[in-house]
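Hi there,

Here is the structure I promised to pass on to you. Have a look at it first, and then read on for what turned up in it.

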Amino acid sequence: MSEKAASMLFSRVKESKDQLSLGLATGGTPQGTYEELKKMARETKQTFTHVKTFNLDEYVGLSEDHHQSYRYYMNTHLFNHIDIPEEQTYLPNGMANNLDEECRRYERLIEENGGVDIQLLGIGGNGHIGFNEPGTPFTEKTHIVQLAQETKQANARFFEDPSEVPSRAITMGISSIMCAKEIILLVSGVNKAEAFSRLMEGEVNELFPASVLKTHEHVSVIVDEAAAKRVN
Ligand code: F6R
């Protein structure tokens with residue numbers, strides 16, 4: 001799964017002569033993809049100097065050097081291992097004094113750079129994409145979210161002390177995500193089997209955020225056997 005996703009991203013990096021904007025996700029699912037991607041970059045000496053990256057989300061209140069911040073995740077899993085200039089890697093700033101202004105700034109930044117060409121997504125057990133929890137209007141742009149209890153519990157596995165999981169995050173909205181020209185959704189592991197069957201068999205509904213992807217014209221879903229086991 002990771003090899004497939006990494007090859008799709010890598011071929012776009014290789015083929016793009018001008019700027020390419022990648023939308024990136026964090027969490028457990030894309031770790032293998034980043035592992036493969038940096039291996040491909042190392043083996044072929046492929047440059048990433050023409051690439052810009054925009055991450056989906058960041059926790060509110062964690063600094064860049066906090067080990068669980070998504071900036072730290074991206075630096076350690078990918079950016080430190082390829083030749084992308086740091087100033088071309090963007091995440092929302094979860095430490096901004098004015099968080100509403102930060103949301104507007106981030107949305108503007110993506111727009112001013114011509115939008116995301118190819119967006120990598122994971123999915124939450126409750127169907128969230130980015131941190132757009134069930135019930136989020138499909139029209140939302142980048143905004144502050146209160147993380148669902150289920151999401152905090154799922155993410156506690158990355159924290160030494162589970163009570164340290166932040167309650168809020170800045171996330172690209174569903175409408176921001178849907179502006180990407182192309183989307184790759186990764187679905188991995190038995191914990192995602194129910195979400196995957198709801199995605200494949202359910203209707204488009206704001207109570208299941210990932211369902212919106214059915215209305216996007218260019219989506220690839222890469223799923224492993226464990227996550228696909230409930231779907232015929
Ligand atoms: C991460 C993100 C989230 C995760 C989702 C799945 O940037 O936006 O939507 O993709 O919570 O997380 P994992 O992969 O850890 O199961």
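This is a predicted model: local features need pLDDT of at least 70, side-chain atom pairs count only at pLDDT 80 or more; totals for chains, interfaces and linings use all residues.

Let's begin with the ligand. For Lys192, the distance from a polar side-chain atom to a ligand oxygen is 2.6 Å. How much of the ligand does the protein bury? On its own the ligand exposes 410 Å², and the protein buries 94% of that.

Which residues come nearest to the ligand? There are 13 residues around it, and the nearest are Thr29, Asp57, His128, Gly130 and Lys192.

Now for the charged side chains. Side chains of opposite charge can pair when their charged atoms come close. This structure holds 8 salt bridges, and here are some to find on your screen.

One of them joins Glu182 to Arg12, with 2.7 Å between the closest N and O atoms. Glu182 belongs to strand β8 (residues 182–187) and Arg12 to helix α1 (residues 2–15), so this pair ties together parts that are 170 residues apart in sequence. Arg12, with a relative accessible area of 23%, is partly exposed.

Another salt bridge connects the side chains of Glu36 and Lys39, at 3.6 Å from N to O. Both residues lie in helix α2 (residues 31–44), 3 residues apart, which is about one turn of the helix. Here, too, Glu36 counts as buried at 17% relative accessibility, whereas Lys39 is partly exposed at 34%.

Finally, look at Glu101 and Arg108, whose side chains meet in a salt bridge of 3.6 Å, N to O. Glu101 is partly exposed, at 31% relative accessibility, and Arg108 is partly exposed as well, at 38%. Together with Arg104, these residues are linked in a network of salt bridges.

Enjoy exploring, and write back with any questions!

Best wishes

Definitions and conventions. Residues are numbered from 1 along each chain as its sequence is written. Side-chain values use heavy atoms; hydrogens and water are left out. A salt bridge is a side-chain nitrogen of Lys or Arg within 4 Å of a carboxyl oxygen of Asp or Glu. Helices (H or I, at least four residues) and strands (E, at least two) are DSSP runs, numbered from the N terminus. Buried means under 20% relative accessible area, exposed over 50%, partly exposed in between (1.4 Å probe, protein chains only). A residue is near a molecule or strand if one of its heavy atoms lies within 4 Å of it. A polar contact is a pair of N or O atoms within 3.5 Å; within protein, one must be able to donate a hydrogen and the other to accept it, and residues adjacent in sequence count only if both atoms are side-chain atoms. Accessible areas come from the Shrake-Rupley method with a 1.4 Å probe; for residues, only the protein chains shown count as cover.
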